[in-house]
Amino acid sequence: MTNLPAALRSELESSVPFSTLALEREQEARDGTVKALFLTRDGRPVEAVLMRYRDGRRSLCLSSQSGCPLTCTFCATGQMRFGRNLTASEILDQALHFRRLGPVDHAVFMGMGEPMLNLDAVLEAARSLPDVGITWRRSTISTVGWLPGLRRFVDEVEEPIRLALSLHAPTDELRSELMPVNERYPLADVLDECHRYFGLRRRKVFVEYVLLRGVNDRVEQARALAGLLDRKIFKVNLIPYNPTGMFEGSSRKAVAAFKDVLDRARLPATVRLTRGRDISAACGQLAAET
Ligand code: SF4
């Protein structure tokens, strides 16, 4: 744009801002993961993460809210003060920031916030992701089971955007202890909605299950999980817990034993690679310390 007069350039800059977010800080982990902390115009902190994998994948973890009102016990975001829902532009500007560093090809809405509490803005941003190089099939919207939003997602979203359910426990009792949202929307109702999604869209649902030492990682809990989930509908991602001070992560042996039970039940399951742990950029670690 240097072919425009300087006065016009500065006028454009103030009336058509480059981004709705100001970059406050950026950190790079040893494994190449980058975490960016932004501030919205009204000073709300927002974090987003770029994960670089050896196979060339470049995946973004995007935030839908500044903070989160749902207070899951294992999640650093849930412990910070809830600010507000982000606008579609504030969500998309997180992706654009990383797109300026290089091509990106996957996105998950698993950063700060519960996407189904801010579904209109999340969908508007997700529908625009192909413009930055991320197809709908490579975009995943996650929920802890906020049913009003999940129902709308199932009914309204015809694009092949993926659905992920953060489950983390195979029983209502334990789930309510870890995630207060379960008191309001119990497991059976949330799973019914996932079944309805599969029936309507014929797409599998990813189940996220973070493994907490001595809390949800026992072999009998793996059996209960295998009994709960239909292997034709669900695919499980086991996530080694990234310590935030409240719980400990499961041992490698416990992770392997848990997966073994799921494998024997022929429930599709993978153990997710942990990225960016040394800069607190991994799952459940986004706390936006400004
Ligand atoms: S896990 Fe998700 S829904 Fe729960 S507190 Fe953290 S950001 Fe909110």
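1. Contact between α5 and α8. In this predicted model, Leu-147, Leu-150, Arg-151 and Val-154 of α5 meet Asp-189, Val-190, Glu-193, Arg-196, Tyr-197 and Leu-200 of α8. The residues of this contact comprise six nonpolar and four charged, with no polar ones. Helix α5 covers residues 147-156 and helix α8 residues 187-201; their axes lie 10 Å apart, at an angle of about 10°. Angles under 35 degrees count as roughly parallel, and α5 is therefore roughly parallel to α8.

2. Nonpolar core. The largest nonpolar core contains 80 residues, and Leu-60 and Val-207 have the most contacts inside it. Strand β10 supplies the largest share of this core, namely six residues. In soluble globular proteins, nonpolar side chains tend to be buried together. Setting aside residues up to four places away in sequence, Val-207 touches Leu-165, Leu-167, Leu-229, Phe-234, Lys-235, Val-236 and Asn-237.

3. Leu-212. The loop that contains Leu-212 runs between β10 (205-211) and α9 (219-228). Leu-212 counts as buried because it has 20 C-beta neighbours inside 10 Å, and the cut-off for a buried residue is 20 or more. Beyond residues up to four places away in sequence, its contacts are Phe-74, Asp-217, Tyr-241, Phe-247 and Ser-250. For Tyr-241, which lies 29 residues from Leu-212 along the chain, the separation of the two C-alpha atoms is 6.1 Å.

4. The residues around the ligand are Cys-68, Leu-70, Thr-71, Cys-72, Cys-75, Thr-77, Gly-78, Met-112, Gly-113, Glu-114 and Val-144. By class, this shell consists of six nonpolar residues, four polar residues and one charged residue.

5. Thr-71. One of the residues around the ligand is Thr-71, which is located in the loop between β5 (65-66) and α2 (76-79). Thr-71 has a positive phi, near 50°, and is a residue other than glycine. Most residues other than glycine have a negative phi. With 14 other C-beta atoms within 10 Å, Thr-71 is partly exposed.

6. Arg-202. A positive phi is also found at Arg-202, where the value is about 55° although the residue is not a glycine. Arg-202 belongs to the loop between α8 and β10. This arginine has 8 other C-beta atoms within 10 Å and is therefore exposed, since the cut-off for an exposed residue is 12 or fewer.

How values were computed: Residues numbered from 1 in each chain as written. Predicted model: local features only at pLDDT ≥ 70, side-chain atom pairs only at ≥ 80, totals over all residues. Near = placed C-beta within 6 Å. Nonpolar A, V, L, I, M, F, W, Y, C, P; charged D, E, K, R; others polar. Helix = DSSP H or I, 4+ residues; strand = E, 2+ residues; numbered from the N terminus. Contact = placed C-beta atoms within 7 Å. Axes fitted to C-alpha atoms, helices over the stretch in contact; angles between N-to-C directions. Parallel < 35°, antiparallel > 145°, perpendicular 65-115°, else oblique. Core = buried A, V, L, I, M, F, W, Y, C linked by C-beta atoms within 7 Å.
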